[in-house]
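Dear colleague,

I am handing over the structure below, and would ask you to keep it open while you read the notes that follow it.

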Protein chains: 4
Amino acid sequence: EKKVLSQAVQDLIDYGCPVETIPAGELTGCGRRVRFQAPSGHHFELYADKEYTGEWGVSEVNPEAWPRDLKGMETAAVRFDHCLLYGDELQATYELFTKVLGFYLAEQVLDEDGTRVAQFLSLSTKAHDVAFIHHPEKGRFHHASFYLETWEDVLRAADLISMETTDTSIDIGPTRHGLTHGKTIYFFDPSGNRCEVFAAGITTIRIISRSTP
Amino acid sequence: EKKVLSQAVQDLIDYGCPVETIPAGELTGCGRRVRFQAPSGHHFELYADKEYTGEWGVSEVNPEAWPRDLKGMETAAVRFDHCLLYGDELQATYELFTKVLGFYLAEQVLDEDGTRVAQFLSLSTKAHDVAFIHHPEKGRFHHASFYLETWEDVLRAADLISMETTDTSIDIGPTRHGLTHGKTIYFFDPSGNRCEVFAAGITTIRIISRSTP
Amino acid sequence: EKKVLSQAVQDLIDYGCPVETIPAGELTGCGRRVRFQAPSGHHFELYADKEYTGEWGVSEVNPEAWPRDLKGMETAAVRFDHCLLYGDELQATYELFTKVLGFYLAEQVLDEDGTRVAQFLSLSTKAHDVAFIHHPEKGRFHHASFYLETWEDVLRAADLISMETTDTSIDIGPTRHGLTHGKTIYFFDPSGNRCEVFAAGITTIRIISRSTP
Amino acid sequence: EKKVLSQAVQDLIDYGCPVETIPAGELTGCGRRVRFQAPSGHHFELYADKEYTGEWGVSEVNPEAWPRDLKGMETAAVRFDHCLLYGDELQATYELFTKVLGFYLAEQVLDEDGTRVAQFLSLSTKAHDVAFIHHPEKGRFHHASFYLETWEDVLRAADLISMETTDTSIDIGPTRHGLTHGKTIYFFDPSGNRCEVFAAGITTIRIISRSTP
């Protein structure tokens with residue numbers, strides 16, 4: 001098992017954050033997981049080992065540029081990208097993610113009193129790996145987001161979401177986000193959860209503040 | 001100074017790789033740098049602190065979607081993305097970057113004997129942060145690469161590079177790379193160095209092997 | 001003067017449509033114009049000679065791919081494309097445009113009684129050169145539309161329209177039209193008229209019927 | 001039968017260009033054709049009636065934005081756009097197409113003596129409906145061209161053309177044409193004929209002269 005997971009677990013415990021261990025294999029293809037709860041009320045799990053299956057439809061040896069024989073949006077969803085979560089105790093959550101887990105604050109929204117009401121946290125050149133917006137109730141989910149390669153793909157997703165035979169509906173978009181500048185569409189999947197597909201937006205290290213309107 | 005730099009320095013020394021320290025401020029806006037030489041012959045410098053100037057042309061507070069009043073490609077170059085370097089001792093270089101510095105092997109090319117002749121190393125969802133191709137001479141430079149947002153931007157760069165009043169010339173492209181699947185153009189800047197501008201390509205964790213033709 | 005204008009004038013008169021002639025030069029750079037009123041209440045003018053000024057910012061001799069030194073959307077608006085007009089007497093207007101002026105019906109919307117309530121008329125591979133939607137009042141204007149090269153340009157226009165210092169506001173979009181499948185945004189210019197910028201959509205000869213929802 | 005075909009035939013005969021009539025139905029779904037030979041040596045056929053089959057994969061009544069269940073480039077080829085032909089007697093060919101058939105000269109290349117060695121002729125806002133380049137041998141074919149919606153589609157075509165199981169090969173591109181500014185790729189189809197797929201380029205009325213290098 002990778003040393004990085006053991007180190008993260010130790011860092012969480014040292015910080016005073018209780019963890020729960022779930023053995024390897026409990027989730028198919030996944031190594032040991034370590035679960036903790038953020039002050040915002042959300043449960044997170046860390047893992048270091050995951051079965052690698054490659055990209056669907058192309059070989060990992062001399063792969064072609066894209067999979068043949070796919071339909072609809074099958075070729076377009078590049079990766080799971082981030083979640084936006086609603087909850088309280090943003091400051092404590094911010095401290096946990098930045099001091100213990102190595103995230104940095106890429107973008108924030110401050111209200112008229114200077115209180116942070118939205119925090120977008122990143123580990124790399126992405127605009128966010130996880131984002132939190134203040135909400136009085138703990139542990140709420142806003143959306144899960146998938147990255148597409150182009151703004152054309154976002155429109156194609158909008159076309160597909162709107163077709164009669166897909167049990168999906170558009171929430172907002174296509175449009176450009178104010179925060180992160182992503183080119184985006186929110187939609188509801190058949191189970192009723194809000195999802196996002198987006199392209200572009202900020203893809204370099206930025207530290208941005210916004211004020212509430 | 002960030003703990004991560006001290007840790008990296010210690011890891012390099014423990015691995016047997018000599019380091020040289022350059023004090024903060026020797027390079028304007030840059031914190032302490034630690035220099036080491038990879039087995040391929042190239043010198044690298046690590047730093048943890050850098051003056052943050054933000055994106056040119058927009059505020060860091062309530063920024064607009066893109067800078068106004070810019071011309072040519074000024075709005076299009078998103079970030080320095082990676083370098084491709086030529087040199088020998090690829091295996092030892094691979095071990096240094098993966099065992100000590102946390103890179104993983106995203107893509108490789110094997111010759112008919114199964115020897116790795118190209119290694120593309122990444123730290124995140126990028127197709128490469130640094131790449132090495134075997135060359136009998138140590139410490140050679142192939143190109144430095146800048147990320148553009150779209151394939152349209154790549155063509156626009158090609159137009160601009162080809163205009164008579166820019167002292168630049170196209171080397172290869174526009175085309176799609178076999179490795180990384182980036183949409184790319186190589187060109188020579190006025191000083192004669194090869195540069196690249198590219199968009200898209202692989203932007204998720206992939207582990208790909210290719211064979212030489 | 002071109003024979004085609006004389007022929008069109010004769011065809012209008014033969015059809016019973018009165019015409020009014022406006023001499024060359026009354027409008028700077030424009031040849032003789034012939035004005036007529038469609039049954040929908042709108043006035044149209046035909047002309048065959050127009051001063052040709054070329055594309056702004058590039059030479060007509062060995063032009064570069066696009067103008068340098070332009071800002072904002074200056075490079076993006078390719079051409080005036082079409083108007084959408086509101087008025088009554090759609091059938092009589094349809095007959096005038098198709099029987100006398102050579103348009104064909106590219107797309108129509110029929111209500112539940114089979115009455116045409118929208119007619120999109122084209123002279124070429126464009127989805128429409130002029131469109132009419134039924135309205136009880138004669139001679140109303142809905143929007144004038146400008147063609148952009150890409151869906152990216154449409155988003156860029158949306159960004160620009162929304163910036164604080166432009167006295168413009170978004171009406172609808174960015175989205176895809178049901179009719180014509182254009183990728184579009186409607187906005188209000190500083191004088192309050194509705195305009196459109198759009199890209200793509202149907203660009204080949206199509207004959208499409210739609211029913212009202 | 002449409003009056004426009006009879007008129008064109010009469011105009012050709014009046015101009016001194018012999019015509020040959022081919023009866024309706026000789027080509028399935030096509031009305032009466034009238035064949036003539038241009039001074040460049042090429043045979044052309046005019047027709048006014050053609051069976052309309054609509055876009056493959058979508059209904060002509062309330063069509064969706066694009067066909068579902070298609071693969072490869074099936075969704076991308078929008079229309080046959082133009083041909084480039086090689087032959088001699090460019091001036092006489094130019095006069096026939098502009099004086100009799102209503103084309104205009106959208107773009108030309110002049111050699112150092114001011115002789116036109118390339119002429120691109122258009123009937124609308126397209127950069128060309130037919131183009132001729134000087135060649136000492138009459139009646140040669142250079143390529144037939146198909147219009148794609150975007151520069152992304154051009155790259156996707158390049159990917160597909162290069163895949164091992166398609167019996168096609170790239171001739172030139174992807175690149176931008178000097179003439180017409182189209183974003184293009186030339187390739188050879190399995191029968192060995194050169195074809196083109198392209199997007200964008202000039203889509204408004206332009207009159208451009210170029211000099212040979």
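**Aromatic contacts and chain symmetry**

B:F97 is buried, with a relative accessible area of 2%, where buried means under 20% relative accessible area, exposed over 50% and partly exposed in between, for a 1.4 Å probe and protein chains only. Please note that this is a predicted model, in which local features need pLDDT of at least 70 and side-chain atom pairs count only at pLDDT 80 or more, while totals for chains, interfaces and linings use all residues. Residues are numbered from 1 along each chain as its sequence is written, chains are lettered from A and ligands numbered from 1 in the order in which they are written, and side-chain values use heavy atoms, with hydrogens and water left out.

B:F36 is likewise buried, at a relative accessible area of 2%.

Over all chains, the search of the whole structure gives 34 aromatic pairs (rings of Phe, Tyr and Trp, the last by its six-membered ring, with centres within 6.5 Å; planes under 30 degrees apart count as stacked, over 60 as edge-to-face and the rest as tilted). B:F36 and B:F97 form a tilted pair, 6.5 Å centre to centre with 55° between the planes. In chain A, one aromatic cluster is formed by A:F36, A:F44, A:F97, A:F103 and A:F132.

As for symmetry, chain C is superposed on chain B by a rotation of 180° with 0.0 Å of shift along its axis, at an RMSD of 0.0 Å (least squares on the C-alpha atoms of residues with pLDDT of at least 70 in both). The two copies are thus related as by a two-fold rotation axis.
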